[in-house]
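Dear colleague,

Please read them with the coordinates open.

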Amino acid sequence: MRVLAAMSGGVDSAVAAARAREAGHDVTGVHLALARNPQTFRTGARGCCTLEDSRDARRAADVIGIPFYVWDMAEEFHDSVVDDFVNEYAAGRTPNPCLRCNEKIKFAAVLDRAVALGFDAVVTGHHARLGGDGLLRRSVDLAKDQSYVLAVLTRDQLDRAMFPLGDSTKEQVRAEAAARGLAVADKPDSHDICFISDGDTRGFLESRLGSAPGDIVDGRTGEKLGTHNGAYGFTIGQRKGLDLRVPAADGRPRYVLSITPVNNTVTVGPREDLEVDVVTATRPIWHEISADVSCEVQLRAHGEVVGASVSVADGGLTARLTSPARGVAAGQAIVAYRPDPDGDVVLGSATITAGSRASANA
C-alpha cells in the first residue's frame with residue numbers, strides 16, 4: 001500500500017513512519033509547514049511545526065530511507081485553526097486547536113491532497129489504536145492516549161488512517177527510536193499551543209481582539225466583584241487571574257461559571273456551582289447505529305471519564321451524566337467511549353454547547 005507519513009519532527013511520527021515502511025508499505029514522508037513566519041512558533045523543548053522540527057523530520061526520513069517533502073499549508077492552518085481559535089474565544093467558547101488541526105488539516109486538507117496524488121492512507125504518530133475491525137480505540141499508554149482529539153474524524157477519514165503506535169507505550173517508542181538510530185529518540189514532547197510562541201494565550205488573543213473592559217459578577221447575587229480587559233481571556237472553571245476587588249462573603253475561592261460575550265460579562269461563583277449533569281452538544285460524528293446508548297464520556301482533553309446516557313437526534317447530542325462533572329466548557333469536545341477489554345472504543349464525538357443541572361431544567 002502506498003502511504004503518506006506525516007512527520008512532525010518528533011519521535012512518535014518518526015517511529016510511526018519507520019514501522020509503516022517495515023510493514024512493507026511504500027512510504028513517503030511529508031512535513032507540514034504551518035507557520036506563516038516559523039520564528040513566531042515555539043522552539044526547542046516546547047516546539048512544534050518549527051524550522052528545527054522540519055530539519056529533524058528530514059534527518060529521520062533519511063535514516064528510515066524514505067522520500068521526504070515539505071508541504072506549505074500555512075494558509076490553510078491559519079484559516080482553519082488559528083482564526084477558528086480566535087473566533088471561538090471571542091464567542092465565549094474554549095476551543096481545542098489540536099483537535100481542529102487533526103480535523104481540518106491532517107485528515108482533511110492533507111488527506112485530500114494525498115488521495116489526489118495516489119496515496120492510499122495517511123500515517124501519523126498519534127497514540128491511538130485502529131484495528132482491522134475499523135474501530136478507534138484508546139492507546140495502551142493511557143497517559144499518552146490521543147483518541148480524544150481523533151474522535152472528530154469521520155468514518156471515511158478513519159478508513160484512510162494508520163496509527164502504528166497504539167500498542168506501544170511512550171517509553172517503548174523512545175527505546176525503538178534509539179535502536180533505529182533516530183536522533184529524535186530523546187527529543188522532548190511538544191506542549192501547549194504551537195502558534196503562541198511565548199505561551200501567553202490571553203496576550204495573543206488581546207493582540208487580535210483588542211482590549212474590551214467588562215464586569216466580573218457574582219453568579220448568585222449579581223454583585224459586581226471586579227473588572228476584566230476582555231471576556232475572551234477566561235474559560236469555564238478558571239480560578240487564577242480573576243483579580244477580584246471585592247472578596248467573597250464566605251471567604252472561599254471563586255471560579256468562572258459562564259462567559260457572556262453579548263454584554264462582555266464574566267460570571268463567577270463557588271466551586272460547587274460548576275457542577276453539571278446534563279451536557280448538550282452539536283455537530284455529532286457518531287459511529288454507532290443506535291441513537292441512544294449507555295457509555296462513558298470524556299469532556300476535555302486528559303479530563304476525567306464519567307458514565308452517561310447519550311442520545312443523538314436532530315443534529316444534536318445530549319448526555320445525561322451519572323455523576324456531576326465540573327469545568328464543562330462550550331467549544332470543547334464530548335467524546336463517548338464503550339468500555340472494552342481490548343481498549344475503550346470511540347463511539348463518537350460532538351462539540352459542547354452547554355452544561356446544566358437536571359434539577360434546573362425540571
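Are Phe85 and Phe195 buried or exposed? Phe85 is buried, and so is Phe195, where buried means under 20% relative accessible area, exposed over 50% and partly exposed in between, with a 1.4 Å probe and protein chains only.

The model is a predicted one, in which local features need pLDDT of at least 70 and side-chain atom pairs count only at pLDDT 80 or more, while totals for chains, interfaces and linings use all residues. Residues are numbered from 1 along each chain as its sequence is written, and side-chain values use heavy atoms, with hydrogens and water left out.

The whole structure holds 6 aromatic pairs (rings of Phe, Tyr and Trp, the latter by its six-membered ring, with centres within 6.5 Å; planes under 30 degrees apart are stacked, over 60 edge-to-face, the rest tilted). One of them joins Phe85 and Phe195 edge-to-face, at 5.2 Å centre to centre and 85° between the planes; it links distant parts of the chain, since Phe85 lies in helix H3 (residues 74-90) and Phe195 in the loop between helices H7 (170-179) and H8 (201-209), 110 residues apart. Helices (H or I, at least four residues) and strands (E, at least two) are DSSP runs numbered from the N terminus. Phe85 and Phe195 belong to one aromatic cluster with Phe77, Tyr89 and Phe204.

As for the strands, E2 (residues 26-33) has 6 of its 8 residues buried, and E2 pairs in the parallel sense with E3 (residues 68-72) over 5 bridges (pairing requires at least two DSSP bridges), with Tyr69 in E3 as the bridge partner of Val30.

Best wishes
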